[in-house]
Structure formats: C-alpha cells, structure tokens
Amino acid sequence: MNILTPTADGSNTLFNEEIGEHYHSAHGALQESKHVFIEAGLKHGLEKLKTSEIDVLEVGFGTGLNFLLSYKHCTEVDKKLNYHSIEAFPLSVETLISTGYNQYVPEKNWDSFINNYEKALESEVELSESCKLQISHTTLQNFSTEKQFDVLYFDAFSVRHQPELWTNEIIAHACSFIKTGGIFVTYAITGNLKRAVKACGFEIEKLPGAPGKREMLRAVKMI
C-alpha cells in the first residue's frame, strides 16, 4: 500500500509500505526531482549536446514527477522529448492524480499525461508534437532495447531497500543503454556506485546533493 505523505517543501510523495521507503526525499519531493534530474540531468544534457531533441531513459517511473517536470521544461525551451521509463510496479491513475502534481505543470501537459498513461504502459504514445512517452512494465533486469539514450535518470529505491538494483551487474546493464557522450545521473553516491559506473567507461563527477544529501553523482560516458 502507498500512503500519500507531505514533504518539507510542501509537495507530496508516497510512502511504499512494502518497500519501506518514500518515492521521493522527505526533505522535498519537488526540489529533489528538479535538482537531481532536471538541473543536473536534463538541462545539462540539452546544453552539452546542443540538440533540438533528447532521448531520456528512466529507471523507476514511480509517481511520474521526473517525467512531468522534464515534459514541462522541454515544452518551455521548445525541445523534443522522447521519454522511456522502466517500472515494475506501475501506480494507478487514481494514485497519480492524488499526488497533486498537476499544480506543477501546464494543464495541457497534465491532461495529455493522465489521459494516455495507461496506453503508455503498453506502447509508445505521442502526448504532443514534441513529446513521446513509453513506460515499460518490467524490471530493469529484464529490460532490453536496441535504442541508445542521451540521459539516464537512475531513480530506483535506495540500496538499503532495493539492493538488487545497485549491483555492479545491474549498473552495467543500465549503462549499456547510454550513448557515448551521454549522461548517467542519480541522487545517490557511494564508493561502490562510483567504481561500478567508472568501470563502464564513464567519467565521474560529484555534485552537491539535493536537500538532505551532501552529494550526488553525475557521469559522462567516454567510450
């Protein structure tokens, strides 16, 4: 069962009783998503790649907050977004609506997302002329695609509660979907994670973390 929970910045998150962890930081769901995935991931990627179109892969769709903010930003800067996420346990439309995240994005973006969410769990859908969304209803372990991505949002539950998603083998599997020059970004940073990502041919960068975390990880694929 997921319990709606307010966070310190006024935005909501969900507490997953089975996993024993919140979907976002209790210090602020909205500010964590913006800091880690939008600022350090998407915006950095668009600036670095200087492209009119960006391909994003996300591990852990969850409440959809990272996607919604990515969709919003790409709409604002007139960039095309192709967003593919992996989610083993998709939330219901009713649960997504309960988060109140509609207040953080334009109404047309929210409506196109909610109206097409269940379709996106089956195949890629076009939410607008500039945004496509697909959510693969599977585990990262079983996910495969020939497509390569510009940015990877690694937003799994923490290693404490979901250690199977932080092994060297799984990190390598996730990194295999990133283009040369592409970006791996996550809220976490540990010695083992740094070594695992570096072993995949990435250059590691430590950045200031979102509130509640001292540091976070961003890495660029060099080979």
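How many bridges join strand E2 (residues 12–16) to E3? Two bridges do, and the strands run antiparallel. The legends below take up this pairing and several other close-ups. The model is predicted: local features need pLDDT of at least 70, side-chain atom pairs count only at pLDDT 80 or more, and totals for chains, interfaces and linings use all residues. Residues are numbered from 1 along each chain as its sequence is written, and side-chain values use heavy atoms, with hydrogens and water left out.

**View 1. The open sheet of three strands has the order E1-E2-E3.** Pairing in this sheet is antiparallel. Two strands pair if DSSP finds at least two bridges between them. Strands (E, at least two residues) and helices (H or I, at least four) are DSSP runs, numbered from the N terminus. E1 and strand E3 (21–22) are the edge strands, each pairing on one side only. Asparagine 16 stands opposite glutamate 21 in E3.

**View 2. Threonine 5 lies in strand E1 (residues 2–6).** Its side chain reaches the backbone oxygen of isoleucine 3 at 3.0 Å. Leaving aside residues up to four places away in sequence, threonine 5 touches Ser11, Asn12, Thr13, Phe15 and His22. Contact here means heavy atoms within 4.5 Å.

**View 3. The open sheet of eight strands runs in the order E6-E7-E5-E4-E8-E9-E11-E10.** Its pairing is mixed. From one strand to the next, the twist averages 20°. Helix H2 (residues 65–76) packs on this sheet. H2 touches strand E4 (53–59), strand E5 (80–86), E6, strand E7 (131–136) and strand E8 (149–154). The direction of H2 makes about 175° with that of E5. Axes are lines fitted to C-alpha atoms, for helices over the stretch in contact, and angles run from 0 to 180 degrees between N-to-C directions.

**View 4. E10 pairs with strand E11 (residues 215–221) in the antiparallel sense.** Seven bridges make up this pairing. Leucine 207 has methionine 216 of E11 as its bridge partner. For proline 208, the bridge partner in E11 is glutamate 215. The hairpin of E10 and E11 has six residues between the strands. In this hairpin, glycine 212 takes a positive phi near 100°.

**View 5. Helix H1 (residues 29–49) crosses H2 at roughly 50°.** The two axes come within 10 Å. That angle makes H1 oblique to H2. Angles under 35 degrees count as roughly parallel, over 145 as roughly antiparallel, 65 to 115 as roughly perpendicular and the rest as oblique. H1 passes H2 in a right-handed crossing. A crossing is right-handed if the near helix is turned clockwise from the far one by less than a right angle, and left-handed if anticlockwise. From H1, the contact uses Ala29, Leu30, Ser33, Lys34, Phe37, Ile38, Leu42, Lys43 and Leu46. H2 supplies Leu65, Asn66, Leu69, Ser70, His73 and Cys74. By class, the contact of H1 with H2 has nine nonpolar, four polar and two charged residues. Ala, Val, Leu, Ile, Met, Phe, Trp, Tyr, Cys and Pro count as nonpolar, Asp, Glu, Lys and Arg as charged, and the others, Gly among them, as polar.

**View 6. H2 packs with helix H4 (residues 107–120) at an angle of about 135°.** Their axes lie 10 Å apart. H2 and H4 are therefore oblique to each other. This crossing of H2 past H4 is right-handed. Phe67, Leu68, Tyr71, Lys72 and Thr75 of H2 meet Asn109, Trp110, Ser112 and Phe113 of H4. The contact of H2 with H4 has five nonpolar, three polar and one charged residues.

Methods:
A polar contact is a pair of N or O atoms within 3.5 Å; within protein, one must be able to donate a hydrogen and the other to accept it, and residues adjacent in sequence count only if both atoms are side-chain atoms.
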